[in-house]
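My notes follow in the order I took them.

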Amino acid sequence: MNFGLGCLKEFVDGVLSGKDKELVRRDIVEKAENHVFDLSLTNRLTEEIKLALTSLGYKVIDAVAKVDYKAITGTSEGLFHLIFEVGLSYDEMLDVPYIPGSVIKGVLRNNFYSLTGSYGDEVFGGKDNEGYVIVSDAYPIGGAMKLLTGDIINPHYYKGGEPVKSEYDVNPVPIIHLAVREGVKFRFLIGVDKRAKLPKVNLNVKDAVELVSLLLLYSMKTGLGARSTKGYGFFEVEKFEVV
């Protein structure tokens, strides 16, 4: 059975049978931490994505990088949000966690703005023009075959959904959930149209491909996804090429 949907079924069946929700969640976390994922489909898919981008005439940035600590995106959505109230981007068809291309593109653009004060419409698109960058979803392709690990959020300053008024009222109740574990390797693929114009910024790059490459490398060192200020979403690059 599909692992992700199996977790959701286990949670629903457990709750309907009267089991304690927290115990059911802990059982699912333990199962997730020990589950070995089949990455053959993600390896084949990423190759197909690369071939499709090159066949369309794009310059393709192809990077493989592994998670330094933990990684998490999609905290407010997806099937795991239904279980833990903290989500995780999860592809139900491929049955693996992933990093949405929209998240990656958003981080690239935000970092570009942080570095230059410009939104980079010439490359990423704006209200008056389409973008010249296609950012694929990033999928796990190797490293640790056990992709998930248990994690917690400790909401110290809320009680019953309301902010506490005094330190004496703090009663932290940890919220358990899942994250991508350290060492998992993801493949990042970005297509850059050769027609893309280089924004007039001082980043010492010669073209849009080099600009996007720089932004991707920078983003991997500053965090992709949620909780980057806590060390999540940092990646160690193992392969980086442009074809």
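Entry 1: I began with Glu 238, which is partly exposed at a relative accessible area of 40%. The model is predicted, so I take each value as computed from it. I looked for a partner and found Lys 185: the two side chains meet in a salt bridge, 2.9 Å from N to O. I then checked where the two sit. Glu 238 is in strand β11 and Lys 185 is in strand β10 (residues 184–192). They are 53 residues apart, and the pair links distant parts of the chain. Lys 185 is partly exposed too, with 25% relative accessibility.

**Entry 2: other salt bridges.** How many salt bridges does the whole structure hold? My search found 16. I noted the general point that side chains of opposite charge can pair when their charged atoms come close.

I looked at Arg 195 and Asp 193 next. Their side chains form a salt bridge at 2.9 Å, N to O. Arg 195 is exposed, at 56%, whereas Asp 193 is buried, at 13%. I wrote down the cut-off here: buried means under 20% relative accessible area, and exposed means over 50%.

Then I took Lys 239 and Glu 241. Their closest N and O atoms are 3.7 Å apart, and the two form a salt bridge. Lys 239 is partly exposed at 32%. Glu 241 is partly exposed at 30%.

**Entry 3: helix α3.** I turned to helix α3, which covers residues 40–55 and has 16 residues. From first C-alpha to last I get 23 Å, close to the 22 Å expected at 1.5 Å a residue.

Which residues of α3 are buried? I listed Thr 42, Thr 46, Ile 49, Lys 50 and Leu 53. They cover an arc of only 95 degrees around the axis, so they lie on the same side of α3.

I asked what covers the buried residues of α3. The cover includes β1, β3 (96–97), β4 (133–135), β5 (139–143), β10 and β11. On the face turned away from the buried side I found the exposed residues Arg 44, Glu 48, Leu 51 and Ser 55. After the helix comes Gly 57, with a positive phi near 90 degrees.

**Entry 4: aromatic pairs.** I searched the whole structure for aromatic pairs and found 9. One of them is Tyr 69 with Tyr 232, edge-to-face, with 5.3 Å centre to centre and 75 degrees between the planes. This pair links distant parts of the chain, 163 residues apart. Tyr 69 is in the loop between β1 (59–67) and α4, and Tyr 232 is in the loop between α7 and β11. Tyr 232 is buried, at 6%.

I went on to Phe 188 and Phe 235. The ring centres are 5.4 Å apart and the planes stand at 85 degrees, so this pair is edge-to-face. Phe 188 lies in strand β10 and Phe 235 in strand β11, so the pair ties together parts that are 47 residues apart in sequence. Both residues are buried.

I also noted one aromatic cluster, formed by Phe 80, Phe 84 and Tyr 90.

Entry 5: I came back to Tyr 232 to see what lies over its face. I found Arg 227 there, at 5.3 Å from the ring centre. Arg 227 is in the loop between α7 (208–222) and β11 (235–242). Its phi is positive, about 60 degrees, although it is not a glycine. Arg 227 is partly exposed, with a relative accessible area of 21%.

I checked Glu 85 for its backbone as well. Its phi is near 70 degrees, a positive value in a residue other than glycine. Where is Glu 85 placed? I found it in the loop between α4 (79–84) and β2 (90–91). Glu 85 is exposed, at 52%.

How values were computed
Residues numbered from 1 in each chain as written. Predicted model: local features only at pLDDT ≥ 70, side-chain atom pairs only at ≥ 80, totals over all residues. Heavy atoms only, no water. Helix = DSSP H or I, 4+ residues; strand = E, 2+ residues; numbered from the N terminus. Buried < 20%, exposed > 50% of the residue type's maximum accessible area, 1.4 Å probe, protein only. Salt bridge = Lys/Arg side-chain N within 4 Å of Asp/Glu carboxyl O. Phe/Tyr/Trp six-rings, centres within 6.5 Å; stacked < 30°, edge-to-face > 60°. Lys NZ or Arg CZ within 6 Å of the ring centre and 35° of its normal. Expected span 1.5 Å × (residues − 1). Arc of directions from axis to C-beta. Contact = heavy atoms within 4.5 Å.
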